[in-house]
Amino acid sequence: MTAAPNFLIVLPEMFLGVAAMLLLLVGIYAGARATRFVTWLCVLALVATLAILLQPVWSSGAAPRQVGLFGMFVGDSLGVFTQTLVILGSILSLLIAMRFNEREGIARIEFPVLVLIATAGMMMMIAANDLIALYLGLELQSLALYVLAAFARDDVRSTEAGLKYFVLGAVASGMLLFGASMVYGFAGTTSFDGLAKLFTNGGGNSVGLITGIVFISVGLAFKVSAVPFHMWTPDVYEGAPTPVTAFFSVAPKIAALTLFLRVMLQPFGGLMADWQQIIWVISLLSMAWGSFAAIAQQNIKRLMAYSSIGHVGYALIGLAAGSAAGVRGVLVYLAIYLFMNAGTFAVILCMRRDGKMVEGIDDLAGLSRTHPALALALAIFMFSLAGIPPLAGFFAKLYVFMAAIDAGLPILAVLGVLSSVVGAYYYLRIVKVMYFDEARGAFDRPFGGEVTAVILVCAIIITFFIVWPGPMLNGADAVAATLFPG
Amino acid sequence: MTTMAHWPLLSLTTFLPLAGVAAILVLRGDEQAVARNARWIALWTSLIVFAVSLAVWANFDPTRSDFQLVEQADWLPDFNIGYHMGVDGISLFFVLLSTFLTPICVIASWTAIQRRVKEYMIAFLALETMMVGIFCALDFILFYVFFEGVLVPMFLIIGVWGGPRRVYSAFKFFLYTLLGSVLSLLAILAIYFITGTADIPEALAFNFPTSLQPWLWLAFFASFAVKVPMWPFHTWLPDAHVEAPTAGSVILAGVLLKLGGYGFIRFSLPMFPAASAFFTPFVFTLSVVAIIYTSLVALAQQDMKKLIAYSSVAHMGFVTIGIFTVTPEGLQGAMIQMLSHGVVSAALFLCVGVVYDRLHTREIARYGGLAENMPKYACAFMVFMLASVGLPGTSGFVGEFLAMIGAFQVNTWVAFLGMIGVILGAAYMLWLYRRIIFEKITHADVRAMVDLSPREILIFAPMIALVLWMGIYPASFLKPMQPSIANLIERVQVSQRAAATTLAQR
């Protein structure tokens with residue numbers, strides 16, 4: 001040991017963890033009455049974490065790659081970019097959850113604190129530079145999420161969702177751990193840098209290692225809910241309280257996809273020829289199944305579950321490409337997906353009639369008559385999710401397909417665009433219900449200031465992305481370039 | 001050149017309608033007042049846009065073959081994707097056609113649309129932006145944004161204000177055309193990687209490897225053939241036309257069907273000359289089948305709109321034949337045929353709209369004898385009907401005649417079979433006219449129908465003038481497009497010759 005461990009590299013994660021514990025204490029002493037206060041404090045903590053995260057980038061203009069804490073964690077521009085997205089996703093979820101939880105009688109201080117802990121876990125996942133650190137982050141995130149899924153503890157569906165998520169999630173974690181142990185057994189190291197060095201020198205290409213990588217891929221595919229490891233998604237999405245579903249559909253997905261990118265491209269980058277075909281198949285199955293299975297759905301949360309499965313498929317095209325263009329595509333996709341999904345779920349949270357939440361797609365009938373602005377916002381999100389220009393969702397798809405064509409995967413690209421046409425059908429169906437069908441009666445007002453603000457901000461970002469796409473695209477481009485030097 | 005040449009005229013034409021959208025969006029008050037104001041704002045916006053587009057024409061130098069009034073700005077400089085606008089002789093008149101038809105649509109919907117007027121006018125103005133943008137865009141990504149963006153307002157127009165089967169038709173229209181366009185998106189991305197830029201003029205000058213050309217050509221064909229529509233990809237059209245409100249049909253027939261032909265001329269021919277030559281017999285076959293088959297189908301229709309929809313497919317068959325002859329006559333004929341069809345079929349749909357507004361049925365058998373109580377209507381209808389048939393002196397004649405001259409030079413059989421289609425076209429149009437306008441009045445409610453109102457005369461008058469202008473003195477329209485078309489033909493022939501010599505050297 002020559003130097004003191006570089007703690008600064010995990011400063012945002014440490015800050016967030018400490019803040020979560022402190023806020024838990026505050027919450028316990030202040031009691032349930034202080035839930036709103038604690039939630040706002042949690043939002044504040046997330047904003048502060050964001051500031052700590054971005055401060056070095058602002059002051060120096062770049063995020064050079066540095067490894068710290070005995071090589072367990074890494075700080076680089078990929079981490080900064082995606083951790084920013086994760087924190088934004090958590091902030092948006094907390095904002096739209098506040099009033100919902102109060103109305104549903106599940107406003108407890110554990111909710112925001114658990115979101116904070118899960119966020120800390122996700123940030124650790126993203127920053128992991130070692131299989132052990134990866135597993136620690138993943139489990140910290142997952143355990144918090146299991147509890148969140150079952151947060152409406154008096155609701156059978158919610159508890160069922162939590163239990164299902166826990167059982168299947170534990171199996172996936174087990175697979176991942178098993179894969180990691182096989183990799184360690186055959187490679188002799190858990191460090192990403194060590195593994196990368198081993199594979200780039202052409203060594204270690206043994207069946208045992210490949211088996212280990214397959215198991216790790218399966219565990220990660222489960223976490224991003226890619227087909228064929230997606231079965232938990234519709235049930236958990238439907239059963240969990242809606243703000244939790246909103247949270248699930250953005251932040252953990254972004255974290256897990258980033259982890260997927262990092263693990264596949266950095267330690268196992270030398271074995272790309274071996275894992276590329278796996279990703280190819282997973283990506284295609286996710287796109288196709290996400291599109292076809294969503295057609296028959298009647299519940300909008302289930303529909304969004306299948307939609308998210310499909311979108312993971314599109315994002316994985318970028319990973320299948322395995323190039324700088326691919327990484328850029330994934331990052332752009334995740335950033336735009338965050339706002340589309342957060343906005344959509346904020347609209348879903350407004351679906352409340354006679355004091356009760358409604359979740360049927362039919363309940364949106366005639367929304368353009370009863371709530372024109374809400375209908376317009378949801379239509380914008382739906383057309384964007386379908387990838388129709390000039391909305392942002394088009395650019396998300398454009399960049400992953402660009403990567404696929406560039407990387408010589410024309411068949412995946414063709415099948416991808418075909419499934420996006422199938423997918424357009426069910427997004428259009430929601431527009432049809434809102435605009436073509438007769439009105440069914442208004443939703444309860446008021447929707448709440450935070451929810452309205454989230455919808456407005458997301459709709460503006462999605463609509464006007466086309467005017468000034470430069471910052472996000474160039475940012476993603478710069479990140480991708482650091483992963484593929486030379 | 002006037003000082004106006006320095007203005008960003010094309011951007012103004014494209015995005016001015018969005019200013020109207022913004023103005024309508026902020027309207028508040030009771031429903032009647034909002035509807036009235038929305039109509040007036042839409043009308044004034046579209047008229048101003050038309051005036052601006054006339055300024056584009058005035059500033060256009062008809063002796064040049066390159067892109068004019070070019071505007072360039074950074075959009076995604078790191079990716080070589082930019083905001084690049086410009087028109088040449090091929091796109092100029094499509095811009096004018098779009099801006100000409102939009103105010104007519106607004107006036108035609110003045111009383112017919114009473115429900116959700118605000119949203120309706122917003123949809124039409126947004127549609128205008130997209131349409132003009134398609135023809136002005138000189139960057140592939142920009143082009144595609146407009147090209148696919150057009151689907152959203154049209155989907156809503158058919159679905160919200162359409163007839164009984166509007167939902168089915170709206171979905172069919174949207175998904176059918178989306179399927180075609182996503183494939184062309186992949187071709188655009190491939191072109192982007194081959195040329196290293198999304199700039200259209202650069203891609204037009206690029207010589208694509210002969211081995212790749214057929215694939216790229218087919219991907220574009222998937223998109224444009226659906227838009228034209230060519231047989232057998234036309235089935236969305238009758239449904240969409242029948243269910244769309246009158247003004248929706250006008251835009252659909254007037255402008256959206258031209259996107260296919262425009263795409264073939266703009267992209268397929270100059271970028272993939274070898275593949276175009278290879279696929280010419282294929283296109284000719286489909287076009288001839290379209291002309292004869294859809295003409296026969298049109299003869300059997302009971303619904304006026306459906307009949308005109310099928311006639312559109314037949315007329316667009318002449319366009320695709322003319323384009324792929326790659327002769328000056330054929331291409332000019334195709335261009336004039338598209339412009340003529342844009343006015344004539346739009347006017348025919350408006351004619352159907354006039355009687356539909358009065359009797360609320362499109363069934364041909366419900367009418368008859370309108371000449372007695374609606375003489376002005378009978379007169380206007382006759383002009384458009386004869387133009388559709390291709391009577392000399394009307395715009396339809398110039399287009400079909402030139403296209404057939406082109407076809408005759410390349411393949412006499414195609415010309416012969418095409419001419420059979422002209423005869424069939426005369427048959428179904430004259431028969432339609434007889435059944436609606438002549439014969440005895442058998443229905444009491446038909447006798448009670450009143451003749452054209454001043455508003456309706458205001459719609460038809462400029463269209464009649466345009467049809468006769470294009471028929472009697474087509475040179476005003478042919479002259480500006482001739483240099484661009486000559487340039488295009490030279491480009492195709494040079495690269496085909498180059499391909500032939502490389503083959504010979506092997």
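Colleague: How many salt bridges does the structure hold over all chains?

Modeller: Over all chains, the structure holds 25 salt bridges. A salt bridge here is a side-chain nitrogen of Lys or Arg within 4 Å of a carboxyl oxygen of Asp or Glu. This is a predicted model: local features need pLDDT of at least 70, side-chain atom pairs count only at pLDDT 80 or more, and totals for chains, interfaces and linings use all residues. Residues are numbered from 1 along each chain as its sequence is written, chains are lettered from A and ligands numbered from 1 in the order in which they are written, and side-chain values use heavy atoms, with hydrogens and water left out.

Colleague: Take one pair. Which residue forms a salt bridge with A:Glu160?

Modeller: A:Lys164 does, with the closest N and O atoms 3.0 Å apart. Both residues lie in helix 6 (residues 156-187) of chain A, four residues apart, about one turn of the helix. Helices (H or I, at least four residues) and strands (E, at least two) are DSSP runs, numbered from the N terminus.

Colleague: What else does A:Lys164 meet in a salt bridge?

Modeller: A:Asp235, at 2.9 Å, N to O. This pair links distant parts of the chain: A:Lys164 is in helix 6 of chain A, A:Asp235 in helix 9 (residues 232-239) of chain A, 71 residues apart. A:Asp235 is partly exposed, because its relative accessibility is 25%.

Colleague: And in chain B, which residue pairs with B:Glu456?

Modeller: B:Arg358. Their side chains meet in a salt bridge at 2.8 Å, N to O. Again the pair links distant parts of the chain: B:Glu456 sits in helix 21 (residues 454-472) of chain B, B:Arg358 in helix 15 (residues 328-359) of chain B, 98 residues apart. B:Glu456 counts as buried, because its relative accessibility is 5%. B:Arg358, at 22%, counts as partly exposed.

Colleague: Which residues do salt bridges with shared partners join into one network?

Modeller: That network is in chain A. Its residues are A:Arg157, A:Glu160, A:Lys164, A:Asp235, A:Glu238, A:Lys301, A:Arg302 and A:Glu359.

Colleague: On to the interface. How is its size given?

Modeller: Often as the accessible area lost when the parts come together. Buried area is the accessible area (1.4 Å probe) that two parts lose on being put together, summed over both. Between chain B and chain A it is about 3,300 Å², with carbon and sulfur atoms giving 81%. On the chain B side, B:Phe79, B:Arg116 and B:Leu186 lose the most area to chain A, together 18% of what that side buries.

Colleague: How many residues take part?

Modeller: Contact means heavy atoms within 4.5 Å. By that rule chain B gives 34 residues and chain A gives 37 residues.

Colleague: How many salt bridges and polar contacts cross it?

Modeller: Zero salt bridges are found between chain B and chain A. Four residue pairs are in polar contact (both at pLDDT 80 or more). A polar contact is a pair of N or O atoms within 3.5 Å; within protein, one must be able to donate a hydrogen and the other to accept it, and residues adjacent in sequence count only if both atoms are side-chain atoms.

Colleague: Which element of chain B gives the largest share of the side that touches chain A?

Modeller: Helix 7 of chain B, with 16 residues.

Colleague: Now a single residue. Where does B:Thr99 lie, and is it buried or exposed?

Modeller: B:Thr99 lies in helix 3 (residues 89-108) of chain B. At 0% relative accessibility it counts as buried. Its side chain reaches the backbone oxygen of B:Leu96 at 3.0 Å. Not counting residues up to four places away in sequence, B:Thr99 touches several residues, among them B:Thr13, B:Phe50 and B:Glu128.

Colleague: And where is B:Thr235?

Modeller: In the loop between helix 9 (213-227) and helix 10 (236-243) of chain B. B:Thr235 is partly exposed, because its relative accessibility is 33%. Its side chain makes a polar contact with the side chain of B:Tyr176 at 3.4 Å.

Notes: Buried < 20%, exposed > 50% of the residue type's maximum accessible area, 1.4 Å probe, protein only.
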